[in-house]
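Open the structure in your viewer and keep the selection tool at hand. Each stop below says what to select and what is there.

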Amino acid sequence: MKRLLIISPYFPPTNAADMQRIRMSLPYFNMFGWEPEVVTVDDKYSDFEKDELLLQSIPVGTKVHKIKALNKKWTSKIGLGSIALRSMPYYRKKVNSLLKSGKYDLIYFSTTQFPVCILGAYWKRKFNMPYVIDMQDPWHSEYYRDKPKGQRPRKYWFSYLLNKSLEPIAIKNCDGLISVSKIYIDDLKERYPVIKNIPEATITFGSFKKDLEIAETNQQQFKPILSREFINIVYIGRGGLDMHKSITPLFVALKTGLDNEHVLFNRIRFFFIGTSYACEGKGTPTILPLAKQYGVEGNVTEITDRISFYHTLVTLKQADALFIPGSDDPKYTASKIYPYLLTYKPLLSIFNSKSGAVDVLNEFGLTDNYTYDATDFLHDKIYSFLLKMIKKEVPPPRL
């Protein structure tokens with residue numbers, strides 16, 4: 001059995017999106033001849049909410065090494081909050097110790113806390129240890145470069161310059177790439193020709209059937225968010241101005257319905273939940289202002305606070321239908337597609353026509369899978385979907 005050392009700064013019980021791929025894949029490594037061990041930051045150093053139920057999905061006997069990180073209470077005074085940067089010296093020390101004392105065959109980075117990936121080049125040089133990086137998102141990106149200041153993330157220029165400096169150190173020395181989208185790999189191989197012949201694999205965001213079982217068993221723990229007196233159409237995931245092009249046609253169709261057949265369409269309620277990565281109570285709404293712009297705010301609820309992973313699954317199962325909006329960045333890959341499909345709920349999606357998510361949804365034969373920039377009569381089709389939801393004429397997907 002080959003030994004695999006997984007680097008993931010977040011790990012259960014921390015409820016962070018970028019650790020889900022590792023968590024869901026752990027049961028399968030042994031099947032392919034790998035014995036995985038995880039090196040993660042102790043959850044007490046993380047701001048994310050904790051979800052103890054996540055621990056039920058971890059295979060018994062999984063070896064997890066926990067490390068420290070610099071206390072954010074002190075580092076935030078100089079503007080440093082990144083868990084990757086705060087944990088890097090501790091990662092270096094711990095993994096050095098592991099590589100000296102035991103035989104490992106590969107290091108596997110799967111995280112969006114990208115700066116920690118530069119340690120792969122260090123361990124390769126020091127211990128001749130190969131490493132693979134799993135790209136869940138683009139690392140260095142030009143997407144926000146031409147955006148107005150108000151649309152850029154906080155500390156944009158610091159992050160931009162840091163990512164531009166660190167990405168080549170990690171990528172040019174890696175021995176393989178995995179990605180949720182082939183576009184990410186193609187971009188990297190074009191940017192760094194030295195890696196054009198290294199192994200690659202595209203593995204989309206997945207889902208884990210056991211999660212639905214855990215959610216169902218524990219659903220009484222979660223306070224209901226939806227109201228049974230309405231037709232609830234739900235999206236749970238990040239918001240952002242980059243999703244406005246996908247959401248605008250929905251609000252236009254809803255407004256048309258409210259103007260033409262108010263009693264019928266007023267039965268619909270849209271929920272956008274967990275739209276901000278900010279700490280609880282500090283998120284800025286990005287969807288509700290758009291709803292107000294189109295006069296449909298009475299039918300739209302935005303909850304910026306994130307909810308736990310299993311509360312998410314329970315809420316999706318309680319919804320009457322689900323909605324997935326895409327980004328105006330065609331490279332964006334939605335992580336929720338397969339969990340949504342496993343609920344067997346009617347599904348409406350609107351993406352950029354160049355997004356890989358369109359092909360994935362088409363493969364499953366979903367009929368209400370649209371693009372905001374290439375679908376003819378888009379508003380009419382969304383209006384029809386909403387009307388059929390009101391009349392209970394939308395069948396669940398047949399996967």
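The tour goes from the whole chain to single residues.

**Ground rules**

This is a predicted model: local features need pLDDT of at least 70, side-chain atom pairs count only at pLDDT 80 or more, and totals for chains, interfaces and linings use all residues. Residues are numbered from 1 along each chain as its sequence is written, and side-chain values use heavy atoms, with hydrogens and water left out.

**Stop 1: the whole chain**

Show the cartoon. The chain has 14 helices and 13 strands. Helices (H or I, at least four residues) and strands (E, at least two) are DSSP runs, numbered from the N terminus. Along the principal axes, the C-alpha atoms fill a box of roughly 70 × 45 × 45 Å.

Now colour by burial. Buried means under 20% relative accessible area, exposed over 50%, and partly exposed in between (1.4 Å probe, protein chains only). Of the 399 residues, 53% are buried.

**Stop 2: strand 1 and its partners**

Select residues 2–7, which form strand 1. Strand 2 (residues 34–41) runs parallel to strand 1, joined by 6 bridges. Two strands pair if DSSP finds at least two bridges between them. Arg3 stands opposite Glu35 in strand 2. Follow the chain from strand 1 through helix 1 (residues 20–29) to strand 2: this β-α-β crossover is right-handed. In other words, with the strands pointing away from the viewer, the path from the first strand over the helix to the second runs clockwise.

**Stop 3: the nonpolar cores**

Stay on Ile107. A nonpolar core is a set of buried Ala, Val, Leu, Ile, Met, Phe, Trp, Tyr and Cys residues joined through side-chain atoms within 4.5 Å. The largest one has 114 residues, and Ile107 is among those that touch the most other members, along with Ile133, Leu177, Phe251, Phe272 and Leu386. Helix 14 (residues 378–390) gives the most to this core, with 8 residues. A second, separate core has 12 residues, including Leu4, Phe11, Ile22 and Ile58.

**Stop 4: Ser110**

Which side chains make polar contacts with the side chain of Ser110? Select Ser110, in strand 4. Its relative accessible area is 0%, so Ser110 is buried. The side chain of Asp134 is in polar contact with the side chain of Ser110 at 2.7 Å. The side chain of Gln136 makes another polar contact with Ser110, at 3.1 Å. A polar contact is a pair of N or O atoms within 3.5 Å; within protein, one must be able to donate a hydrogen and the other to accept it, and residues adjacent in sequence count only if both atoms are side-chain atoms.

**Stop 5: helix 4**

Select residues 118–127. Buried residues here include Ile118, Leu119 and Trp123. The buried residues of helix 4 pack against strand 1, helix 3, strand 4, strand 5 and helix 5. Asn128 follows helix 4, with a positive phi near 55 degrees.

**Stop 6: Val263**

End at helix 9 (residues 262–265), where Val263 lies. Val263 counts as exposed because its relative accessibility is 71%. Then pick Asn197: its C-alpha atom is 60 Å from that of Val263.

How values were computed:
Contact = heavy atoms within 4.5 Å.
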